[in-house]
Structure formats: structure tokens, C-alpha cells
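Welcome! Let us walk through this structure together, one part at a time. Have a look at the model first, and then read on.

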Amino acid sequence: MGRVVTTRELYDEIDAGTVPLILDVRNQDEFAAWQVEGTKPVPTRNMPIWMAVEEIDDLVKEIPDNTVVVCAHGNGSDLLLDMLADEGKTVRNLEGGTAAWAELLVPKPLPGLPDGIIGWQVQRPSKACLSYVIGVPGRNAIVVDPARFPQPYIDLAASEGMTITHVIDTHVHADHITGGPELAERTGASYHVPIEDTGKAPTPFANEPLADGAEIDLGDATIHILSIKMPGHTPGSTCISLPGSFLLTGDTVFVRGVGRPDLTGRAEELASELFHTVHDRLQPLDPATMVLPAHWSFDSEIGDDGLVRTDLATVFTSTLLNEEDMAKFIEEVITSLPSAPETYDTIRLVNSGRKDADAEEIEFLEIGKNQCAASTTT
């Protein structure tokens with residue numbers, strides 16, 4: 001093995017279960033905020049760089065060969081590699097550190113789509129975020145809930161000769177900075193984000209909010225994507241449905257649980273809306289409909305096929321969503337909520353176009369996995 005491992009190589013090794021140890025040499029508070037995680041648990045140890053240098057003799061004895069050393073940008077960890085190599089230890093450096101890991105996007109093909117349609121679930125391991133590219137080869141494609149890095153989506157669509165015609169944010173996200181407006185501008189696509197979430201004021205970016213029941217043509221007269229308004233997580237939350245096939249639920253419904261309704265300061269009101277919209281609008285749909293959310297919370301939610309998905313039949317057998325008493329439902333959702341990260345209000349302002357942020361601030365705002373679920377089932 002070489003001295004350096006790329007983010008994608010590390011992701012694949014974690015998936016294969018071949019990483020013996022990740023040695024994270026960032027400060028303890030940085031490590032506590034978030035760590036390198038993948039599809040499977042991986043042994044991880046935190047030892048700040050200054051401590052690793054002081055205790056190099058003991059460290060050499062304690063870590064296995066092929067350990068992956070991680071720091072914020074790959075510089076301090078690279079220096080530690082030299083010291084460990086001098087002691088005869090073979091270890092590797094994560095190229096670009098956790099900053100590069102934060103930008104890793106991994107596309108996974110979606111099975112079971114109707115003939116003529118292809119799609120990918122694009123996983124972002126650092127945030128446990130999910131976005132989607134759905135389209136007709138040689139024709140049109142939509143991108144839903146994109147991360148802030150446009151090029152991977154452009155490349156993915158181009159690989160099948162597709163033109164991105166619509167970019168959709170299912171809601172104004174609170175946990176990560178959207179790439180929607182930039183992706184739409186670069187591709188000439190229409191951008192859609194719910195006006196109920198942007199403060200109803202004009203946005204500095206072009207926005208064509210999807211009406212309830214709006215259809216998006218992908219270039220084949222028989223293929224349509226249907227927009228379903230699903231207020232609850234946020235006032236304007238929207239699900240994207242291909243009837244009889246899949247439902248992109250954003251943060252409304254996850255593999256385990258529902259979206260937290262408190263991020264806009266209207267917890268009880270939105271919890272009530274969440275109850276009604278999930279039951280009234282989703283329960284009548286085909287129970288075999290594949291549910292594709294915008295996040296996962298635990299690696300156990302990643303299936304053997306590498307995808308984060310469930311179906312509506314499973315959703316409505318969960319303890320929370322099977323609750324018939326609305327008052328109890330609301331109480332359980334609200335009482336399950338931890339405090340939202342302080343950065344979430346700022347992220348929402350950035351995503352709704354009401355605040356500017358430079359690259360350094362965006363990197364800070366995006367630290368940590370998402371905390372968008374209100375409750376999970378066991």
C-alpha cells in the first residue's frame with residue numbers, strides 16, 4: 001500500500017472492512033463534533049497531534065500497520081507519518097484530511113426503476129446526507145437535494161447523455177449548505193425550493209416553487225415526476241413521487257423516524273401538520289413504494305446493497321407512524337428532540353438567500369453529521 005489514501009479509496013476500504021484503524025490526530029473538540037465514518041463501523045482512535053508526537057514510542061507499539069492517519073487538511077498527519085516511518089511503522093495519510101472527506105460524494109445506482117428511467121442515490125458520508133439524480137438516458141434529468149458541489153452531478157448526468165433540467169430542494173435545509181442555486185445556474189436548469197421556507201421574500205437566486213401536484217416531464221410523454229406538498233419538518237417540505245415506483249421524502253420520513261418539526265420555532269404546530277400529512281398523503285399510496293430519504297442517522301440504516309431505503313409498508317409499521325392518537329404522536333415527537341445545533345439557524349438563512357457566507361464560514365457551518373430526525377425506531 002502507498003503512503004497516501006484518497007477519500008474514495010478509504011470509503012471503499014471501510015465498506016470492505018479492511019481498515020485496521022483510523023488514527024484521528026485533530027483536537028478532541030474537533031473529533032467530538034464528527035469523525036470519518038462509512039458504511040460499516042471502523043475502529044477509530046483520537047490522539048491530538050501534540051500528544052502523538054510526545055508519545056511516539058508508545059504509539060508505534062499500539063497501532064497496527066496500514067493505520068490511516070487523519071487530520072483537518074492532511075498536513076499534520078503527513079508530518080506524523082514521517083516520524084512513524086522513522087520508527088519502522090507503515091501507516092497512511094488521508095489525502096486532504098477531513099476537509100476532503102467532507103466533499104466526498106458516492107453515487108449508488110437505484111434498482112427497480114421503471115423501464116427507461118435510471119437514477120442514483122448520491123451519498124455524502126461526512127454528513128450522512130443523500131441526494132438524487134433521476135432521468136431518462138439521452139434526455140432530461142432532475143437533481144434533488146444536491147450538496148454544495150455541482151460538478152459530480154453534472155458529470156453523473158453527462159455519463160448517460162442527460163441534460164439537467166430541474167434542480168429541486170425538497171425544503172430549506174438546516175444542516176448543510178445547498179448546491180441547488182449554483183447547480184441550476186451552471187446547467188441552465190430551473191431551480192425549485194418551497195417559498196414557504198424562504199420567508200416568502202424575493203430570493204437573490206431564480207426560484208420557481210413547485211405547486212402541489214406539479215408534474216415534471218423527463219422527456220418521455222409517459223414519464224412524470226409528481227410533487228407532493230408535505231408540511232411538517234418545515235412549512236414547505238415537498239416529496240417527489242414517481243407513482244408506483246419511488247418517493248423522495250426529503251426530511252419528512254426517514255428509514256427510522258420522521259423529520260424534526262422544531263427547526264423553524266413552530267414545533268407543536270408543525271408536529272401536528274406532520275402527523276396529518278404523513279397519514280393523509282402517504283398512507284393511501286402503494287405500500288410497495290420505495291422510500292428514499294435525504295438522510296440517514298446510523299450505519300445500520302444502510303442496507304446490504306449499500307442503499308439507504310425502505311418502503312411505505314415498513315414506514316407505517318413503525319411505532320411512531322402507526323400511532324393513532326395524534327396528541328400522543330405530537331408529544332413523542334417533541335419530547336424526543338435534542339437541542340438543534342446553533343449553526344442551523346445560520347445555515348437556513350444562507351440556503352434561503354438571506355445571508356452570504358464565504359468558503360471558510362461554510363466549512364465551519366457544515367461540521368458534524370445531520371441532526372434532522374425527530375425520533376427513531378429500534
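This is a predicted model: local features need pLDDT of at least 70, side-chain atom pairs count only at pLDDT 80 or more; totals for chains, interfaces and linings use all residues.

A residue is called buried when its relative accessible area is under 20%. Cys71 has a relative accessible area of 9%, so it is buried. Cys239 has a relative accessibility of 0%, and therefore Cys239 counts as buried too. How many disulfides does the structure hold? The number is zero.

Now turn to the strands. Five of them form an open sheet with parallel pairing, and their order is E1-E5-E4-E2-E3. Strand E1 (4-5) and strand E3 (44-46) are the edge strands, since each of them pairs on one side only. You can follow one of these pairings up close: E1 runs parallel to strand E5, residues 92-94, and two bridges join them. Here Val4 has Asn93 of E5 standing opposite.

Further along the chain there is another pair to look at. Strand E6, residues 106-109, is joined by four bridges to strand E7, residues 118-124, and these two run antiparallel. In this pair, Pro107 stands opposite Val122 of E7. What do the two faces of E6 look like? Val106 and Lys108 make up the covered face, while Pro107 and Pro109 lie on the uncovered one.

Next comes helix H7, which spans residues 150-158 and has Pro150, Tyr153, Ile154, Leu156 and Ala157 as its buried residues. These residues cover an arc of only 165° around the axis, so they are on the same side of H7. What do they pack against? Their partners are E6, E7, strand E8 (129-135), strand E9 (140-144), strand E10 (163-168) and helix H8 (180-187).

Is Ile164 buried or exposed? Its relative accessible area is 5%, so Ile164 is buried. Leaving aside neighbours within four places in sequence, Ile164 is in contact with several residues, including Tyr153, Ile154 and Ala157, which are among the buried residues of H7. Ala141, Val143, Leu183, Thr187 and Ala189 are also among the contacts of Ile164. Finally, look back to Asn93, the residue opposite Val4: Ile164 and Asn93 are 71 residues apart in sequence, and their C-alpha atoms are 36 Å apart in space.

Methods. Residues are numbered from 1 along each chain as its sequence is written. Side-chain values use heavy atoms; hydrogens and water are left out. A disulfide is a pair of cysteine sulfur atoms within 2.5 Å. Buried means under 20% relative accessible area, exposed over 50%, partly exposed in between (1.4 Å probe, protein chains only). Two strands pair if DSSP finds at least two bridges between them. The arc is that of the directions from the helix axis to the C-beta atoms. Contact means heavy atoms within 4.5 Å.
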